[in-house]
Amino acid sequence: MKLSIGCIPGDGIGPEIVAEAKKVLNKVAQVYGHEIAYTDILMGGASIDVHGVPLTEEAIAAARGSDAVLMGSIGGNTVTSPWYRLAPNLRPEAGLLGLRKALNLFANLRPAVLYDELADACPLKKEISAAGFDMMIMRELTGGLYFGERYTTQEGGLRRAVDTLAYDEKEIRRIAIKGFDIAMKRRKKVTSVDKANVLDSSRLWRQVVEEVAADYPEVALEHMLVDNCAMQLVKDPAQFDVILTENMFGDILSDEASMVTGSIGMLASASLNDTKFGLYEPSHGSAPDIAGKGIANPIATILSAAMMLRYSFDLDAEAGAIEGAVKAVLKKGYRTVDIMSEGCVQAGCKEMGDLLADEIR
């Protein structure tokens, strides 16, 4: 199979971690008989330095021309970087927002996995963390409260602010379909999270999700109110497989889930549109303070590449090989500095990439 992959190294540690992800992808291609064509794309601060803007039309066209895009990290130090003296629409992160909009990336996927070898980093009680967890949070990314009408007025001498939460059934249906499709690749359970006891938008959400569920008889569906879900994430995270929810709830719950893993350096993410196309990136930032030191953790980016193989190319075995390699290397006791613990062997960014590539046979 020929894979056309756009690569956005980005800023800070981005070029280092993307290089290691490409190394692992190349090993996968060699072992499984695929051919990969990479297209390098400038975005963020790197694009500002060359073009004066964080995202160009040429970059959008290059992304559209790829089957999927792998990204490192965007941005820099907000205190010292000259990028943050620019207007907000010209700062690095504006490039990412612009690309998401241009490519209609409405479905955000954030897995939260507790690896056995990293269980000590989990902030939950051991009797909870001992069960482990492996969940996928599906967040609607382009609708809801963050994109609704908003305004601030002054009435009778009092300031008043209004934010509008609105969803139509098409927006709900397309994210629900993505959620059920992904559940079919996992443990076939969807927890749809809403506030249907209060909000009309949540009542519509629940109705449409149930309509979509009828087309997936193999997938178990449960509904959960968002406040209960927030509690259950710290009480019994092992119960969750796919959590499907709207924009604001997903924003909050995905951050909560990432923290109970104990290590953001291990967390991948993806943003998908209504085709097989996706943008895949680590959940962490650009870490400019360690850029160029060779100590960055590339695992989140490498796991993002595994997500790309699974969701954009339907290469489940190849994705599983990468995920298995991560578990094997951790079991052997290798750690980057951010996840280092007593008795383990410290590995740099490049060495970790080598170790993971060597595990793919």
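**View A. Ser73 and its neighbours.** Ser73 touches Pro9, Gly10, Asp11, Ile13, Gly14, Gly285 and Ser286, leaving aside residues up to four places away in sequence; contact here means heavy atoms within 4.5 Å. This is a predicted model, in which local features need pLDDT of at least 70, side-chain atom pairs count only at pLDDT 80 or more, and totals for chains, interfaces and linings use all residues. Residues are numbered from 1 along each chain as its sequence is written, and side-chain values use heavy atoms, with hydrogens and water left out. You will find Ser73 in strand β3 (residues 68–73); helices (H or I, at least four residues) and strands (E, at least two) are DSSP runs, numbered from the N terminus. Ser73 is buried, with a relative accessible area of 2%; buried means under 20% relative accessible area, exposed over 50%, and partly exposed in between (1.4 Å probe, protein chains only).

**View B. Ser202 in helix α7.** Here is another serine to look at: Ser202 belongs to helix α7 (residues 200–213). Ser202 is buried, at a relative accessible area of 4%. Its contacts, not counting residues up to four places away in sequence, are Asp194, Lys195, Ala196 and Phe249.

**View C. Helices α1 and α11.** Helix α1 (residues 14–32) packs against helix α11 (residues 316–331) at an angle of about 130°, and their axes are 11 Å apart. Axes are lines fitted to C-alpha atoms, for helices over the stretch in contact, and angles run from 0 to 180 degrees between N-to-C directions. That makes α1 oblique to α11, since angles under 35 degrees count as roughly parallel, over 145 as roughly antiparallel, 65 to 115 as roughly perpendicular and the rest as oblique. At the contact, Val24, Val28 and Tyr32 of α1 meet Ala317, Glu318, Ala321 and Ile322 of α11.

**View D. The largest nonpolar core.** This core has 64 residues, and Ile5, Leu109, Met138, Tyr280, Leu309 and Leu356 have the most contacts inside it. A nonpolar core is a set of buried Ala, Val, Leu, Ile, Met, Phe, Trp, Tyr and Cys residues joined through side-chain atoms within 4.5 Å. Helix α10 (residues 299–311) supplies the largest share of this core, 9 residues. Zoom in on Tyr280 and you meet contacts including Leu70, Met71, Leu272, Met307 and Tyr311.

**View E. Helix α12 under cover.** Cys349, Met352, Gly353, Leu355, Leu356 and Ala357 are the buried residues of helix α12 (residues 349–358). Their cover includes α1, α10, α11 and β13 (334–335).
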